[in-house]
Amino acid sequence: MGEIEQRPTPGSRLGAPENSGISTLEHGQKPPPTPSGKLMSVRIQMLDDTQEAFEVPQRAPGRALLDAVCSRLNLVEGDYFGLEFPDHKKITVWLDLLKPIVKQIRRPKHVVVKFVVKFFPPDHTQLQEELTRYLFALQVKQDLAQGRLTCSDTSAALLISHIVQSEIGDFDEASDREHLAKNKYIPQQDALEDKIVEFHHNHIGQTPAESDFQLLEIARRLEMYGIRLHPAKDREGTKINLAVANTGILVFQGFTKINAFNWAKVRKLSFKRKRFLIKLRPDVNSSYQDTLEFLMASRDFCKSFWKICVEHHAFFRLFEEPKPKPKPVLFSRGSSFRFSGRTQKQVLDYVKEGGHKKVQFERKHSKIHSIGSLATQPTEPNSEVPKQAQQSASLTFGEGAASPGGQSCQPGRDPTASAEERGPQRNPTPQRSPAGSTKADGAGRAETEEEEEVVTDRTQQSRPRPPQPSTGSLTGSPHLSELSINSQGGATNTILSPNLSPDAKQASPLVSPLLNDQVGPRTDDEDDGRRKRFPTDKAYFIAKEVSTTERTYLKDLEVITSWFQSTVSKEDSMPETLKSLIFPNFEPLHKFHTNFLKEIEQRLALWEGRSNAHIRGDYQRIGDVMLKNIQGMKQLAAHLWKHSEALEALETGIRGSRRLESLCRDFELQKVCYLSLNTFLLRPLHRLMHYKQVLERLCKHHPPSHADFRDCRAALAEITEMVAQLHGTMIKMENFQKLHELKKDLIGVDNLVIPGREFIRLGSLSKLSGKGLQQRMFFLFNDVLLYTSRGLTASNQFKVHGQLPLYGMTMEESEDEWGVPHCLTLRGQRQSIVVAASSRSEMEKWVEDIQMAIDLAEKSSGPAPEFLASSPPDSKSPEEAAGDQESEDDLSASRTSLERQAPHRGNTMVHVCWHRNTSVSMVDFSVAVENQLSGNLLRKFKNSNGWQKLWVVFTNFCLFFYKSHQDSHPLASLPLLGYSLTIPSESEDIHKDYVFKLHFKSHVYYFRAESEYTFERWMEVIRSATSSASRAHVLSHKESHVY
């Protein structure tokens, strides 16, 4: 075997100092070398189930054995891994890297030490080496087989299909079934065999490296990914399980997560005998500190779990390895245990800087060979570790460094703007100090009655650090906040409750400030070098738009079929008749469009030449796929007809049941429900219009002689017929949905939703009173005009102050009379008011819509019914209105109070208009329904250097940002009302193609598209949100739409 000390170790490659335990040497002295002498043989079981023997000196620390294993594997990112073994009490423990091996493994001949993944990062794209991702994939495969990684049958089948693809290559049914008969990847695999084969068919052309990547992409979303359960009891004696992850400490009941304690919430971890204690940071609303206590089976179990918690906190949250605790002069109190090794930040920095060589490796189970090649490096001649000659494609998603977490919005700012809008002004990103200068303030040490960990994050260190320009960030960034529509709380300060969602685990819970810093801001040359080369045909990008928007549509369907259905199933508050009306009419659509998306993506893969089919010309079209599936959609028309009935029945049920109303309101608070619930019920009707628009563009692009023209035209005829049949229902339901959505934003309204009432416009105007101009929110319908103000309510609603029936109303401009710019006088039969718009264009919009509404009211049968429960007539003139219902001081107090509370419904369209001092009409909403888009964009801030890649969805006048299209909920949102859309000027020094600029006051963002077509499409749809549509245009587009 040879002396392992003579081999280069991952530690030395990473620049780690030799570590022989907790040093008590004076500064400047070197620790003694690793002890030589008698060797002991240790058997290591690798992740591919092979066993290898390693000989190490008996007195060597555990670090020597781990380094030997990593060296044998040529593994650079070895810090994610660890060695576990059963101790003399048969408790599985991790090998302590600082203690001598002989003191830990008493009888090495009878013990098999397992080499396994110890630290599971929140995002697999942080694993830079293909070998590391391969070993992680083996760990997932092992956890599936052992029943640790529990998941649904569909997820299990999908995971196994990627494993099969990496092991035997492209789909062949006979080979698949033979391989599955010989290999059992999961208990009860036989029942899933057909589904596995079906999924495997979709992976044609996928390399083993890509299969590993996709496997980890799916696995990381599962609640039990990387989870090792530790049995315990709470104070009431209830049996639970504790676990530790990159985000913090988790509490499970069975396999269901019921609570989570984020590292940012944890002040101290300790244990005393069998009691495991978590001391939380004091809550902002209370003066006491809460300490949670859990009882474990024994002191040894408790100490083992405490140790792994200490290590997880240090690895994911600290900049560098905590310094050893000085040796006490007389006697010690507590444990001297600390984390030893590189933190994740240090590993990412090293790999990013390229301080290593790529190595070859083979895959033990794989029967196929990849095409790529790697720079070679000598490997151990006797190594049985899989070796393969392939370099993975650049699959890393992160395009920029992440910014610090947990920055909360300051009160008094525009709460409708996500925190990303306030980015450049304040960005105190902690930086790594020069070596030896960073202090962890005791992190990783033990100091209490017996043994405990003081949890001190690198984000909380008091040493001032220079700010770092951010290139975009993820959860918790000051640039890219948590989604603020339903909740404005920061992710890092949240304790998850059991009823948050079916899968409360965040798609990428990056609680560490620099966890996504592995790639760093790219230079322009690097970025251009890594950009994918796409086909240049415009038809390809039109087809790709179908694929990207279909992904978003499927996610929207899952809000109903998966998330909402799961929530409803846990509560007995929805009648069975309503359940049978909603879910059976959405599930067939979800199944159909899942297959539709697969067909589109397979065609795009052939079009791009990614498949091993090598036949391209015949596949550079999309019309045949569209025609086939649109004809299939016609078979689902019966379900589409039921959606309007389902929407009406749901709103009726909510009106008649407080429990159902509460359930739906709580569901809308979940991050996955990023729009109002009833909007998702109309998504299938909206999607038909999107298909029609895409096919119109394809028919316009292709000449009649093109091979795809006939199919595109036939598909267009089919979808046009479907849209025409459902058109009247769609218009009626859009108005119905909007009235119910507005009803949630208003208080003091008895009968907003009545037959015949149609919404026209909402927006902010200033109302003239004895105290001057006061901001009010106006709502215009076809029979009445309401005016409201922000009320002092926990739900952030608008309180109705008065109503003006449109029947008999007159309107005149009165700038000269009152000396107020953009001023109008509205004279009703019982009341007159004077209002002022923010600009001439705003005033013209209101004049046009109010005049049209007055004309419609005159043609109706008579005055509208009363809105308010008790609304005394208010005939005060502006001069007499000194005693108006709410003063400007009241409004100011209201605004401050509400911003502190960050309540529900704080970022709806009504609130956006209030804060941006603008308005939006039903015509604009109708145009927005048609102009929906999704896809990858590169984003850059005004003061940053690099571009960050994000999955962006445009809908409902808002950009929603995701880390990838597979994430279940957005990380942040940017409402676009009030923003200007332009092209960067020469002086802005943006020397890139296909870049557009969004700016509002001091907030500036640059977005970069992948092609001229996608650039033009993003400009088109965003322009529809930043500038009001022409009423004539929309009315001609929707012939039957009358107000």
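T561 counts as buried because its relative accessibility is 14%, which is under the 20% cut-off. The model in which this residue is described is a predicted one. T561 belongs to helix α12, which spans residues 538–570. Leaving aside residues up to four places away in sequence, T561 touches F586, E587 and H590.

The nonpolar interior can be considered next. In soluble globular proteins, nonpolar side chains tend to be buried together. In this model, the largest nonpolar core comprises 79 residues, and I44, F115 and L135 have the most contacts inside it. The element that gives the most to this core is helix α4, residues 130–146, with eight residues. Apart from this core lies another, of 77 residues, which includes L597, L681, L695 and A715.

When residues up to four places away in sequence are not counted, L135 touches L47, L73, L75, F81, F115 and V117. One of these partners, F115, is itself among the residues with the most contacts inside the core.

Confidence must also be taken into account. The average pLDDT of the protein is 75, and 70% of the residues score at least 70. Over residues 369–530, however, pLDDT stays under 50, although the model has 492 contacts beyond four places in sequence for this stretch. Residues 1029–1043 likewise have a pLDDT below 50, with 36 contacts in the model beyond near neighbours in sequence. Where pLDDT is low, the predicted coordinates should not be read in detail.

Definitions and conventions
Residues numbered from 1 in each chain as written. Predicted model: local features only at pLDDT ≥ 70, side-chain atom pairs only at ≥ 80, totals over all residues. Heavy atoms only, no water. Core = buried A, V, L, I, M, F, W, Y, C linked by side-chain atoms within 4.5 Å. Buried < 20%, exposed > 50% of the residue type's maximum accessible area, 1.4 Å probe, protein only. Helix = DSSP H or I, 4+ residues; strand = E, 2+ residues; numbered from the N terminus. Contact = heavy atoms within 4.5 Å. pLDDT = per-residue confidence, 0-100.
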